[in-house]
Amino acid sequence: GRLAREKILSSDGMETLISSLWEHIDNDQVLRALFHALWALSVFDLSDDSSTAVTLNKITNCSVIEGMLAAMQMHATDLTILEAGFDIVGRLAGLLPADASCFDSAIDVISGLMRNMDIKSRSYSSGVFALNGLCQSSVTRKREFANSSNCYEAIRRVLASKSVSLRRREIACSVFWVVTSDRVSVSALKIELAQDIIDALQGFSSSEAQDCSGFFEAACGTLANLALDTDNHAQLVKIGVVQVLCEAVDMHSSSEDVMLVCCTAFANLTASTVGFGTSNAETQGVINALFSCIKAKIECPEVIREAFRALDNLTDMSPEVIFAIDTIICVMLVHPHNISVIENALRVLVTLSSKEKCVKDISDAGGISTVVEIMRSNPVSPSIIEYGSRFITSMVEADPEYANEAVPGITSILTCMKLHTRNEPLIEALCKSLHSLVLASENCADRVISADGVTIIETLLNANENNTLIVQQCNSLLHVLRNT
């Protein structure tokens with residue numbers, strides 16, 4: 001227990017154990033006992049900060065990790081020693097500083113020891129645990145893993161194995177998920193990893209959905225990370241990643257975690273048009289999959305945010321988005337104060353409102369009044385006011401009759417102008433929106449005047465006198481307002 005550990009440490013017990021390790025490094029029986037003792041000493045009560053700090057200090061000062069790694073290499077076939085050693089390293093990786101030099105060779109040593117190990121053994125599972133802990137601890141360890149062929153081979157062979165439990169396959173895939181969260185590591189890994197994951201996801205039935213959701217989350221999360229590198233996009237689409245993601249959404253419609261990583265993967269994959277054209281969006285059902293996620297998890301802002309990020313990329317590629325305008329509006333009503341969700345939804349609406357065939361559908365769905373209310377609810381969010389204004393501009397340019405619906409949003413636009421007088425891209429968008437509104441509707445002009453808009457516009461004019469576009473817009477606005 002804790003008192004026994006404190007007594008051992010205070011009596012130079014750690015120093016004695018490490019001294020014995022080096023003295024008896026050839027003796028496997030002694031080493032087994034020493035590793036078990038070290039394992040017991042490394043089981044911390046994390047609520048006791050002072051005791052944990054003392055132990056970690058001893059482990060660092062006595063070069064415990066270095067000694068263990070050396071002993072493990074000398075006894076590479078002793079699974080008892082390896083299991084204990086892997087377990088200790090995995091536990092300490094999350095407790096010692098990320099740049100601790102004691103772990104400098106750990107990635108290569110552990111992966112090398114695992115390469116020919118039985119994937120069904122407890123030692124292999126402990127090795128995966130250790131690699132996962134090391135990779136989670138720092139970016140440096142992730143990059144060491146990505147650049148090591150031993151690491152890749154040590155983990156990949158368990159992915160598609162039907163002879164090991166799903167839980168073990170999930171943990172193994174989680175290592176790749178962790179490593180690929182670093183962009184540099186993604187570039188270093190082979191694209192063949194995606195094919196390995198696709199192969200591993202084959203053969204599951206709907207009845208197994210609940211049991212395999214953790215594995216699918218790790219696998220699709222890794223695919224999402226691989227799609228961060230645009231150089232991978234064409235190859236990922238070619239080998240069928242889009243279809244796999246659509247099937248994952250369909251199979252795991254009740255899993256928020258799986259839907260989140262799938263939507264993220266779609267968003268990353270559609271960030272460029274390389275290899276991903278209109279036919280892919282239509283024939284492989286990406287749009288349908290995204291709206292399935294939105295409808296199933298409309299209360300989950302993370303899923304909604306990523307789904308809209310993908311839809312924003314796809315809006316120009318596929319006409320299918322227009323059939324779900326009601327869903328987009330509904331999401332905005334459910335999450336009126338979630339900035340990231342609203343931003344992504346507004347981006348999609350801005351694009352749709354520029355399409356003639358969408359304008360009436362947006363209006364019929366209450367799009368203008370919804371966006372105006374969103375702007376009024378988020379008056380200090382410049383991004384929401386900007387995207388909302390762009391949307392209003394697009395709708396009014398399509399049909400001036402829509403201007404009167406936007407009257408309640410004018411105060412929000414003016415307030416944003418007053419708060420961000422020197423944000424030129426923002427001011428340009430807001431001036432353009434006001435200009436469209438006051439030209440289209442006397443009611444809009446009256447609201448600008450009654451909200452002290454003339455004074456605000458004059459202030460903007462003085463603050464941006466070197467910006468020709470803003471100067472022109474402000475002068476034109478003032479001319480219209482003074483003649484109203």
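Analyst: Let's start with D452, which counts as partly exposed because its relative accessible area is 42%, between the limits of under 20% for buried and over 50% for exposed (1.4 Å probe, protein chains only). Bear in mind that this is a predicted model, where local features need pLDDT of at least 70, side-chain atom pairs count only at pLDDT 80 or more, and totals for chains, interfaces and linings use all residues. Residues are numbered from 1 along each chain as its sequence is written, and side-chain values use heavy atoms, with hydrogens and water left out.

As for where D452 sits, look in the loop between α28 (442-450) and α29 (453-463); helices here are DSSP runs of H or I, at least four residues, numbered from the N terminus. Most residues other than glycine have a negative phi.

You'll find D12 in the loop between α1 (2-10) and α2 (13-23), and with a relative accessible area of 43% it is partly exposed.

S389 is buried, since its relative accessible area is 0%. Leaving out residues up to four places away in sequence, S389 touches M375, I413, L430 and S433, where a contact means heavy atoms within 4.5 Å.

Key:
Helix = DSSP H or I, 4+ residues; strand = E, 2+ residues; numbered from the N terminus.
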